[in-house]
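Here is a colleague's note for someone opening this entry without having seen it before. Please keep the model in view while reading the points.

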Protein chains: 2
Amino acid sequence: MKNVLNYIESEKERYLSELITFLKIPSISGLPEHNKDTVRAAEWLTNHLQQIGLDNARIFETAGHPIVYAEWLELQDAPTVLIYGHYDVQPVDPLELWKTKPFDPVVKNGKIWGRGTSDDKGQVFTHIKSIEAYLRNGGKLPVNIKLLIEGEEEAGSSHLGDFISENKDMLAADTVLISDTEWFADGLPSICYALRGISFVEVKVTGPNRDLHSGTFGGAVDNPINVLCNMISKLKSNAGVINIPGFYDDVLDLTQEERDGFKKLPFSEDKYMNDLGVNALSGEIGYTTLERTWTRPSLDLNGIKGGFIGEGAKTVLPSHAIAKISMRLVPNQRTKDISYKIEKYLKQIAPKTVKLDVNLLHGGNPVIAPRDNNAVQAGMQALEEAFGTKPVFMREGGSIPITEVFASVLNIPSVLMGLGLPGDNIHSPNENFDLNNYYGGIKASAIFFEKFAKTR
Amino acid sequence: MKNVLNYIESEKERYLSELITFLKIPSISGLPEHNKDTVRAAEWLTNHLQQIGLDNARIFETAGHPIVYAEWLELQDAPTVLIYGHYDVQPVDPLELWKTKPFDPVVKNGKIWGRGTSDDKGQVFTHIKSIEAYLRNGGKLPVNIKLLIEGEEEAGSSHLGDFISENKDMLAADTVLISDTEWFADGLPSICYALRGISFVEVKVTGPNRDLHSGTFGGAVDNPINVLCNMISKLKSNAGVINIPGFYDDVLDLTQEERDGFKKLPFSEDKYMNDLGVNALSGEIGYTTLERTWTRPSLDLNGIKGGFIGEGAKTVLPSHAIAKISMRLVPNQRTKDISYKIEKYLKQIAPKTVKLDVNLLHGGNPVIAPRDNNAVQAGMQALEEAFGTKPVFMREGGSIPITEVFASVLNIPSVLMGLGLPGDNIHSPNENFDLNNYYGGIKASAIFFEKFAKTR
């Protein structure tokens, strides 16, 4: 173990330059024009896994972006760790707000800046490098390893669920190790035990069969933008409550123990508002900010478009308007049920002057993991030894929809040993990843394997 | 007069090819990237006016797009007609819905297809050609002529009002002749005696200082798109009534005589809905479709934009959202008053979680003209003789804001001797202009000059 940790310490420079090569591939899964780049990222990764000594490194094609798999299964009596991550990244717009080029990573102030540095290329790479450190120092690991790295996490993991169901034997393991979350605060290692799910729908309202002159027709023909806005305004009440009938039916109340735990975390509402540049927060009455984002469902417009959106004025009464709406779900809501309920409600509130199309873009169920299992405890110990600070338990508002599939299909718990920090700007311009967390994360991964091996 | 009408008949082919040259210049005033094209259109027009024999043809620069002026003032005892029109055109998006290239006009089925054919290059050109017909047949006109052709009508005529105020003597006349409206129906020549005004505002709602991850922050931070939609939904009631306090204070009720006149016009609500492809109409309760679009104010969203609007999904809680909102005004509403009232109301209903910017893009007062004055009567006679059908009186929902300036600053009535047809698709893809109306319009213009000369 000491050899492995020393090796990691000595190879930092190479570990960084290899990560940069990986980051330079603009593997944006949500934009079809980048489909060649996701293929390129998958191929680069597969070659890399082969080179560091993993077995059966290969690409599985899907109807969407490819899945990368590799394994090391040479121990008969050791447990097996399935490592999950994703090589795809978010789109980069608005590009003008980036201080560096998103796909030309730059190291500055102890951080690496660029799209995918934290979410998730940098985080998943820590495990690849810890595996390499073992294989180059004695040729063996303390546990069996399976690596599953997908290319559609940022676009809803549309094909991974089926892939897992169809390859249960290949993927069988004792736990899933995932680094795709953030610490609660800088310097405070954290294990996340619950994630929200998501339902993402696109709504199109169509009025007249062509764009009309708003002078000639305004006042007699319903305007699709006005109609869409009216419908959106009916989705949430002023008290932050979502009005979709039956929306809260399956929501699990948070426990008093959780409430008490959250209160002890170092959270300043003033600092939070100041960082976001807002004068006031908003949300469901009766819940704190952490409770709202971690334990309560939400509904957000992710995009809206209609009519003339160029500079200046055009007096058009447009033919249609489109909105992208996502809802974050909490245990025990189910994405299929919620998508069905919003579609039904939207149809109910749409006036007969327009045509309505609701397109379910993607979804994922929420997940909550037991905090006392062996893998989670090994994760807590690994973080403490690697970073020298006692970790905390937290939940997260974001979604890694596939964690729920691991639980329900493979029947194994996930350990969310995240390495990101709150200022990483994931999904935003100027995404970055702290290099201490990158190198420390490689060590934590190595320690995790050893700790988890001992639990057998 | 016979000579002039015969000449017009014999020169049709040339009149068409000259119009096509004019139409090929993409003089879109609302898009800054076309600023060179508006200049080119103004220069081409000025040269053309000079060539046909008008005096003092020249360009007046403004802070926006240039104004073209020319005159023929050789009669001492004759009245003076100020002809107003515009050489600028609407943007052409969505381009994919055009069946021909918008700036490469095509003649088909007795119509000319392209941007600006009807609004307003084709219509204003009828007067230029009738003037030319007089000057080439005897060298004189029955009236004095002033031509004022601006380049900002589709962008709010921002600088023409000041120009008129500063050039009252140069522009002094007995009437303004304008062809920039449509007939009530194919084959039914019409004089429009009232136009709606307009107030056009752009509203920007800003929340957090950057785009956020909707999972991490959703539920605790107000979403600018949701906020904007909520605000928009508060602008109008379900009964089609605009909720802005004081909005209806100055609205003139329509008279029973007008209501009776409108009822006699050949209007089919079924045909109207069928043409637009909608299953139901909408609007202020207690008014017919014609009354709603001609005599009642309206409020329409002309554009909305926020967050991620590309293909696919991006789970962003956006920093801001923008809406373009226009209100059509009726006598005696005033655009300044209405812009003030909507700004005040928007500020009142904006939550403290966001920052609000309201930008008044442009405005124009509504206008209503006396139907019994000499110029209007000359217009009725000219249309009847040129087209062989008794014209009707109508109002229009659109705005030519400058008509109100002619009334209030120059103190002269306008004759809206429009030549467009309801199927001309102005402001839409596949704009077109009926060639019968083009050639007949040139004759009607020539006859108007003669009839109006006799009223002195």
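Predicted model: local features only at pLDDT ≥ 70, side-chain atom pairs only at ≥ 80, totals over all residues.

1. Residues are numbered from 1 along each chain as its sequence is written, and chains are lettered from A and ligands numbered from 1 in the order in which they are written.

2. In chain B, helix α2 (residues 12–23) packs against helix α4 (residues 121–136) at about 135°, with the axes 11 Å apart; axes are lines fitted to C-alpha atoms, for helices over the stretch in contact, and angles run from 0 to 180 degrees between N-to-C directions. Helices are DSSP runs of H or I with at least four residues, and strands are runs of E with at least two, numbered from the N terminus.

3. The contact (C-beta atoms, placed from the backbone, within 7 Å) is made by Tyr15(B), Leu19(B), Phe22(B) and Leu23(B) of α2(B) with Lys121(B), Gly122(B), Phe125(B) and Lys129(B) of α4(B).

4. Chain A holds an open sheet of three strands in the order β4-β5-β18, with antiparallel pairing, where strands pair if DSSP finds at least two bridges between them. Because β4 (106–108) and β18 (432–434) of chain A each have a single partner strand, they stand at the edges. The twist averages 25° from one strand to the next.

5. Three bridges join β4(A) to β5 (residues 111–113) of chain A, and Val106(A) stands opposite Trp113(A). Helix α15 (residues 435–454) of chain A packs on this sheet, touching β5 and β18 of chain A.

Conventions. Contact = placed C-beta atoms within 7 Å.
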